[in-house]
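Walk through this protein from the inside out.

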Amino acid sequence: MLNKNLINGEWLAGDDEIKNINPSDTSDVIGDYSCATLTQLEDAVNVARQAQQGWRQCGIEARQAVLQQVGNELMARAEELGKLLSREEGKPLAEGKGEVYRAGQFFTYYAAEALRELGMNADSTRPNIEIDVRREPMGVVAVVSPWNFPTATASWKIAPALAFGNAVIWKPASNTPASAWAVAEIFSRTALPAGVFQLLAGGGGTLGNALAAHPKIDAISFTGSYTTGVEIAKAAAANLTKFQLELGSKNALVVMDDADVDAAVAAALGGGYSGSGQKCTASSRLLVHSKVHDEFIEKLTAALAGFKVGNALAADTKMGPVVSNTQLQENLKWIERIKSSDAEIVCGGERLALAEEGYYMSPALVVNSINEMDFNRAEMFAPIAAVQKINSYEEGLAIANDTDYGLVAGIFTRSLARATHFRRSVESGCVTVNLPTAGTDYHVPFGGRKNSSFGAREQGTVAVEFYTQMKTAYISAGTPQ
Ligand code: NAD
């Protein structure tokens with residue numbers, strides 16, 4: 001059966017299809033997903049512009065009710081939809097289920113936010129004039145999302161966009177159309193007016209680019225790679241379309257001489273290799289103090305030996321395959337480059353042949369690396385983490401900051417003074433202390449600095465900044481007669 005796109009409340013086929021293959025077992029075809037045409041995109045934009053006018057006026061309780069319904073259903077079906085997500089993306093089942101549940105929480109959180117929106121008022125500097133400052137929706141918001149968190153990333157954009165009265169056109173990543181389709185199917189059964197939420201799957205370079213360059217789109221929220229983000233920025237800037245970008249990373253985890261080494265090893269394992277290292281919050285640079293360096297490597301190597309690679313849906317799998325053959329080949333190329341450097345791979349980095357044909361590799365740990373090495377500068381998005389030996393806190397902080405990116409940074413230390421200094425000095429949008437770099441909450445801002453982000457922050461109450469625009473009204477009431 002062909003899974004179609006949701007345009008103006010109808011399921012419509014396009015002129016091309018995505019064959020959705022399970023990366024854990026390439027003989028398993030999850031389904032065929034239709035790609036929307038550029039004409040359909042044009043129709044969707046026009047429909048959205050109309051529909052948004054009704055949606056912004058239908059009242060905050062109506063918005064709250066739709067978002068609550070979508071959130072409740074996602075949470076109730078986390079098991080089933082998490083399995084689908086893991087099957088198409090390759091992350092272990094627990095991570096897939098957790099992601100869908102979290103996506104539901106974004107919807108219920110922003111359902112409540114729809115009711116909480118308050119404005120400002122003031123007296124004018126002129127007598128008998130009042131000022132009312134309120135937020136209004138942006139209009140039609142384009143959501144362009146990545147495959148690594150296909151449900152959660154899109155949900156933390158779609159939920160606030162709708163809560164604050166916008167219409168949404170969502171272009172999901174081509175590697176994960178099933179998770180997107182499942183969310184759209186839930187929307188199609190709500191009271192949301194046709195055209196307020198539309199799903200248009202398709203290629204990034206074609207449909208995604210056309211969406212970003214469209215003059216009738218009022219705002220674009222993008223999560224993906226730095227390179228694509230720059231393309232989106234250029235396209236949006238040409239129309240002065242508001243945009244926000246959440247991009248790549250090269251996150252450092254500093255392990256100090258006074259750290260709880262076992263806790264640091266557990267954080268490096270989860271932070272570097274869960275989701276096959278395909279997380280924007282992954283700690284791919286491990287900056288370990290010389291006094292605990294050897295112990296840390298020994299323990300992390302032992303932990304990786306027990307980190308079972310297997311089918312994403314198998315109960316004992318700790319790490320699934322990587323998302324696609326393209327990604328796998330890129331990763332293996334990085335392994336070759338590392339081998340030809342002065343660094344050393346202590347374990348992993350091999351292509352694995354398991355019972356089912358899939359995109360499997362073993363998690364790799366690199367030692368004796370320095371920050372100047374190309375694999376310590378580029379986002380590999382792979383289950384590969386590299387250790388750099390440091391001799392002081394100052395050196396760790398300097399190396400953590402010596403990167404083009406700035407999404408998350410972490411430190412393991414028992415020193416409050418060091419932890420506080422690190423929190424306040426590291427050049428990243430998020431910081432963790434004695435915790436993995438991966439793992440964030442939904443009610444607080446999320447985002448990075450430098451090449452990791454651009455524009456307003458996402459998540460939490462601050463999301464209102466991106467999805468609304470302010471209007472200042474001056475009102476003269478006159479004098480009572
Ligand atoms: P990607 O940039 O290849 O694709 C992201 C989305 O953009 C997809 O939907 C894709 O089809 C679309 N796209 C591609 N080219 C386009 C173009 N020219 N115009 C418009 N749209 C286009 O990224 P990906 O491989 O899907 O995801 C991995 C990347 O996402 C990594 O760099 C990762 O760090 C980043 N990421 C960042 C965050 C964050 O919050 N900072 C979260 C998750 C993922």
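About 70 Å³ of space lies in the second largest cavity of this predicted model. Its lining comprises 15 residues, and Arg285, Ala400, Thr403, Val408 and Ala409 are the closest to the centre. Which elements supply at least two lining residues each? They are strand S13 (251-255), helix H12 (393-401) and strand S18 (408-412). By class, the lining of this second largest cavity has 7 nonpolar, 5 polar and 3 charged residues.

Now turn to the largest cavity. The volume here is about 110 Å³. The lining of the largest cavity is made of 14 residues. Nearest its centre lie Gly277, Ala282, Ser284, Phe381 and Ala382. This lining divides into 5 nonpolar, 6 polar and 3 charged residues. How many cavities of 30 Å³ or more does the structure hold? The count is 5.

Step back to the whole chain. The protein has 14 helices and 21 strands. Its C-alpha trace spans about 85 × 60 × 40 Å along the principal axes. Does that go with a compact or an extended globule in terms of radius of gyration? A compact globule of 481 residues would have a radius of gyration near 23 Å, and the protein has 24 Å, which agrees.

Of the 481 residues, 56% are buried. Among contacts with a separation of 6 or more, 72% join residues 24 or more positions apart.

Conventions. Residues numbered from 1 in each chain as written. Predicted model: local features only at pLDDT ≥ 70, side-chain atom pairs only at ≥ 80, totals over all residues. Heavy atoms only, no water. 1 Å grid on protein atoms, 1.4 Å probe; cavity = no way out; pocket = protein on both sides within 12 Å on 5 of 7 lines; lining within 4 Å. Points joined across faces, edges and corners; volume = space filled by probe spheres on them. Nonpolar A, V, L, I, M, F, W, Y, C, P; charged D, E, K, R; others polar. Helix = DSSP H or I, 4+ residues; strand = E, 2+ residues; numbered from the N terminus. Rg over C-alpha atoms; globule rule 2.2 N^0.38 Å. Buried < 20%, exposed > 50% of the residue type's maximum accessible area, 1.4 Å probe, protein only. Contact = heavy atoms within 4.5 Å.
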